[in-house]
Structures are given as structure tokens and as C-alpha cells.
Amino acid sequence: MELFSRRYLLAGALALATPALGATLPAESFEVWRSGRRIGRRTIAFNGQGGDIEATIEDVIAVGLGPLILFRYHHQAREIWRGGAFSTLTSHTMTNGRREQVVAERTGAGVRVSGDKGAQWLPAEAAPLTHWNMAALKRPLFNPQTGAAMRERLVSSTPGRAQLAGGASLAATRCILSGEAAITDWYDQSGRWVGLRAKANDGSIVDYRRTA
């Protein structure tokens, strides 16, 4: 997501279990907060059996000053994993009227990612940084909005607590990514994504908080 200063913009050493990719996972929703104000939402719907899973993702964000909307963002993505490995992603994004589209597919030669600026080949283990799948943090990452390879890498994984929508909190693993921007993701004891924190271009803090 372009709110973040990286042209994107999502128990110890990742020992917690990653969500079972062969099972159907419950749908999830998040509130998006910035500087103490709720500015949007993210929803993720899952479908899958037999080692395959499909995630359908939608972000809707609007930042305003009184009745004036200064920033409007709508991101939709369909992401498929097969047998625990990333398979395909298609995404469509509208940012203040500007449209972007990405198509990514893993082949025998690697992951081919096509965006508005052309196509590129990434390593076969590459995955989009869509946050919901903790296993992706251990892989080369690419931006699901632009298709660009990302420099983010996991630098810390420690026990902590994640704040949820509504003010409650729960025990979670705190995973810190470093690279083009500082990103922190939280995952509960089952490996499900429960929160995110990142810095916006203007220095404000943006939080994703899972709803109960």
C-alpha cells in the first residue's frame, strides 16, 4: 500500500505452527487504524482442501480531513497455494484513481511476476507479502500490489502480545521484518495472522487489528 514508505503497501524463530494449508480456514477481518483513527478494513476468505488453499483478500481504506477524502485505496487479490507452496496470485488495486494489476505464477523455472512495469523472474520459493501465511516470511518476497521484488527479511521473532480490534489483546509471536520499511506482524499460537504495524510516509503509524 502506498501509505507505507516502501512502495507497498500486510514461539521463537517461527517455531509456532503455520496454519494447515490442507484445511479450510475461517474467514478473517481486520480494522485498519492510523494515528488513533479507524480508516478502513481488510477481509480474507479462505477455501481449500487436499493440500490446496485459496485466499481472497480485500482492503478498503479512506483517509480524510473532515468531509474531504485525501487518500482512497481499494486492493483485491486472489492467492493460491498448492501442497504448501505458493502457486499463483492475481491482484487489482485502485489508489486515488490510479489502477495497478499483478499476475504471478510459479513454474518450473521460478516465479514469473507481471505488473504494469513489465515482467520479471523470481526464485521458485518466492511468495507475495500478504501477511496471512507466516511461512511466507521465510521466503524471498514480492509486492502483491506492484509485483516488485522486496528486500524485506525476517530479523526477529519473539513472544509478545497483539492488540485486537475492540481493545483486547492476546499472546502472539512478534515477527519483525527489516528492509525497505519496518514492518511488524503478529501471529497467534495456531500460526494465524492477528495484526500488523508499519510506518506511513508521513511518519504516522498504521495498524491492522483482527476483529474478534
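User: How do β5 and β6 run relative to each other, parallel or antiparallel, and how many bridges join them?

Analyst: This is a predicted model. In it, β5 and β6 run antiparallel, joined by eight bridges.

User: What should I keep in mind about side chains along a strand?

Analyst: In a regular strand, side chains alternate between the two faces of the sheet.

User: How many residues lie between the strands in the hairpin of β5 and β6?

Analyst: Two residues lie between these strands. N96 belongs to the loop from β5 (85–95) to β6 (98–107). Its backbone is worth a look: phi of N96 is near 50°, a positive value in a residue other than glycine.

User: Which strand pairs with β6 through five bridges?

Analyst: That is β7 (residues 110–115), and β6 and β7 run antiparallel. A two-residue hairpin joins β6 to β7. Within this pair, E105 stands opposite R112 in β7.

User: Where does H131 lie?

Analyst: Look in the loop between β9 (127–128) and β10 (141–142). Phi of H131 is near 80°, again positive in a residue other than glycine.

User: Is H131 buried or exposed?

Analyst: The cut-off for buried is under 20% relative accessible area. H131 has 2%, so it is buried. N96, by contrast, is partly exposed.

User: Now the surface. Which residues make the nonpolar patch of about 320 Å²?

Analyst: L65, L68 and L70 make that patch. To place one of them on the fold, find L70 in strand β4, which covers residues 68–82.

User: What is the accessible surface of the protein chain, and what share belongs to carbon and sulfur atoms?

Analyst: The accessible surface comes to about 9800 Å². Carbon and sulfur atoms account for 50% of it.

User: What percentage of the residues in the protein chain is buried?

Analyst: Buried residues make up 46% of the 212 residues.

User: How many helices and strands does the protein chain have?

Analyst: Zero helices and 16 strands. Among the strands are β5 and β6, which share eight bridges, and β7, which is joined to β6 by five.

Methods:
Residues numbered from 1 in each chain as written. Predicted model: local features only at pLDDT ≥ 70, side-chain atom pairs only at ≥ 80, totals over all residues. Heavy atoms only, no water. Helix = DSSP H or I, 4+ residues; strand = E, 2+ residues; numbered from the N terminus. Buried < 20%, exposed > 50% of the residue type's maximum accessible area, 1.4 Å probe, protein only. Areas by Shrake-Rupley, 256 points an atom, 1.4 Å probe, with all protein chains shown as cover. Patch = residues over 30% accessible without salt bridge, like charges linked within 9 Å, V, L, I, M, F, W, Y side chains within 5 Å. Salt bridge = Lys/Arg side-chain N within 4 Å of Asp/Glu carboxyl O. Pairing = 2+ DSSP bridges.
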